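Here is a friendly walk through a two-chain model, taking one chain at a time and then the place where they meet. Please keep the structure open beside the text as you read.

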Amino acid sequence: MKNGTELLAPMRRIRSKKVVQYFLWVLVLLVLWETAARLGWVNAYILPPFTTVAARLGHELFSGKLGVQTLNSLWVVLQGFAISFMAAVVITALCAASRLVESLFDTLSTILNPLPAVAIMPLIIMWFGIDITAMFVIIIHGVLWTMIRHLLDGLRAIPAAQIEFGRNIGLSPLKMFTGVIVFALMPELLAGLRTGWGRAWRALISAEMVFGMIGALGGLGYYIYMGRVYAKISDVLAGIIIIALIGVVAESLVFGQIERLTVRKWGMTRE
Amino acid sequence: MSELPVLSVQGVCKNFGALNVLQNVSLDLKANEMVAIIGHSGCGKTTLLRLICAFEFYDQGLILLDGARRDRPSKEALMLFQSFDQLQPWRTALGNVMYPLRVAGAAKNRARELACKRLADVGLSDFMNAYPHMLSGGMKQRVAMARALALTPRVLLMDEPFAALDNITRSTLQNLTSRVCGKYGISALLVTHSVEEALIMGDRIVVMDRNPGRVKAIVENPCRDISGRRGELKEKIMKLLQETAREKEEM
């Protein structure tokens, strides 16, 4: 008779194999990049070798302002993301309790979700001016509606028997939410977090490029933008690499871990 | 007092818009009794169960549980569903049985103790820490059964809980259900499509007519014991047959 740990062993093997493949692909792409630049397949002004960019990145990160600018961006994204997440959860709880509220937010997210954060930027600037509040509004707009979209879709996909069992044992709306719905929504919650995280960065970087410097140093978007202004291609690439790295770290250390400890373990999604 | 039926359905009518789903349905369920409801699709069997556990409201008539009208769902009239996803995938088998007990206010140790006992009743002592996705369909229904037993409802409402199972598993679970409901004195209403199942499990069998759904006849089933024993025998023989097939494969 197999117990749970034994049953999960093959999955763990598949996962470690996937990680190895992942790194191999990255390595192949980097080697290709380096070779193309070194052998002159592409103009070094268009694409300097990876090692040059990496050296520049290290230098800028530790001796320049880039480290502080990265932290600035990260801090703004985290705050905007956290506010959006909490708002999305509260709104979903209200939607779960009331059909009327659900139809309101269904309508709102249908209208506002496809609207790019960049598109509303001029409006936000006119309303709030160019400051940190406007930045948060833009990030929250980028994140909130997509999260709500995911969660509302998830709400409708919860098996009826799970909700009805909850009603049958007399759960209050609050207990129904904290004891049943939140867990049943985990797959969609994770999908919403992932999409939302990407949207938050998009919104932030666009805002930083349009707003210019906010605070003493500005953030990554401003850094990349100035790299373009001064035609420093290595800086531009260094900024992009940092954003990509933050994405990879968030996925492997946060979202991937949450997924592994929840929906994977519960068999709500497959490998 | 002992004559008072646990459940009394009196002249119940239910319409969905212009559609008359149930018309003047009356039936009683006595203590420790199991009644099977059989009828073609669309005769309102499931609707009747949903009215009894107050998931929906009836338009006319009266439904009394222990002599009292219930307007809100409660664990006293508990539904056992057909679908395998009635368990919470994020809790282990043990967690699934414990959860409603904890909700009802039981202390953790007490809930765990009771849950372990009921899981043992349905033969799942070895799978208490398994998550539902690791269990077969039949095992999931057993967990749901243990969960229902632990809550000691006055009436257990079963909506074709074995319909999606293979023959052997179904037969095993039919016998198991009869046994445990008898053991804990739980009255039960069982909706089924299968005459055989009705004969094995029902002390009485309510035959329903459709368009609109109404009671055609209530048939006493004096041979439930015999059918049950026959069912157990059948189960035994099928298991033996299965074993011989397996032995052949191994050779």
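Starting from the N terminus, the elements of chain A run α-α-α-α-α-α-α-α-α-α-α. That makes eleven helices and zero strands in chain A. Helices (H or I, at least four residues) and strands (E, at least two) are DSSP runs, numbered from the N terminus.

A word on conventions before going further. This is a predicted model, in which local features need pLDDT of at least 70, side-chain atom pairs count only at pLDDT 80 or more, and totals for chains, interfaces and linings use all residues. Residues are numbered from 1 along each chain as its sequence is written, while chains are lettered from A and ligands numbered from 1 in the order in which they are written.

**Chain A**

Taken along the principal axes, the C-alpha atoms of chain A fill a box of roughly 70 × 60 × 30 Å. Chain A has 271 residues, of which 34% count as buried. Here a residue is buried if 20 or more other C-beta atoms lie within 10 Å of its own, exposed if 12 or fewer, and partly exposed in between, with C-beta atoms placed from the backbone. Among the contacts in chain A with a separation of 6 or more, 71% are between residues 24 or more positions apart. Two residues are in contact if their C-beta atoms, placed from the backbone, lie within 7 Å.

The C-alpha atoms of A:Met226 and A:Val236 are separated by 8.2 Å, although the two are ten residues apart along the chain. Just after α10(A), A:Ala231 takes a positive phi of about 55°.

**Domains of both chains**

In chain B, the contact between the domains takes 13 residues from domain 1 and twelve residues from domain 2. On the domain 1 side, α5(B) gives the most, with five residues. By class, that side of domain 1 of chain B has ten nonpolar, two polar and one charged residues. Ala, Val, Leu, Ile, Met, Phe, Trp, Tyr, Cys and Pro count as nonpolar, Asp, Glu, Lys and Arg as charged, and the others, Gly among them, as polar.

**Strands and helices of chain B**

Chain B holds an open sheet of four strands in the order β2-β1-β4-β5, with antiparallel pairing. The edges are β2 (19–29) and β5 (68–69) of chain B, each with a single partner strand, so one side of each is left without a neighbour in the sheet. Strands pair if DSSP finds at least two bridges between them. Five bridges join strand β1 (residues 7–16) of chain B to the antiparallel strand β4 (residues 60–65) of chain B, and B:Leu7 has B:Leu65 as its bridge partner in β4(B).

Strand β6 (residues 77–80) of chain B is covered on both faces, with B:Ala77 and B:Met79 buried on one side and B:Leu78 and B:Leu80 buried on the other. Four bridges join β6(B) to strand β7 (residues 155–159) of chain B, and the two run parallel. Within this pair, B:Ala77 stands opposite B:Val155 in β7(B).

**Where the chains meet**

How many residues of chain A are in contact with chain B? There are 19 residues of chain A in contact with 22 residues of chain B. On the chain A side, the elements that give two or more residues are α1 (4–38), α7 (160–168) and α8 (173–184) of chain A. The largest share, six residues, comes from α7(A). By class, the chain A side divides into eleven nonpolar, five polar and three charged residues.
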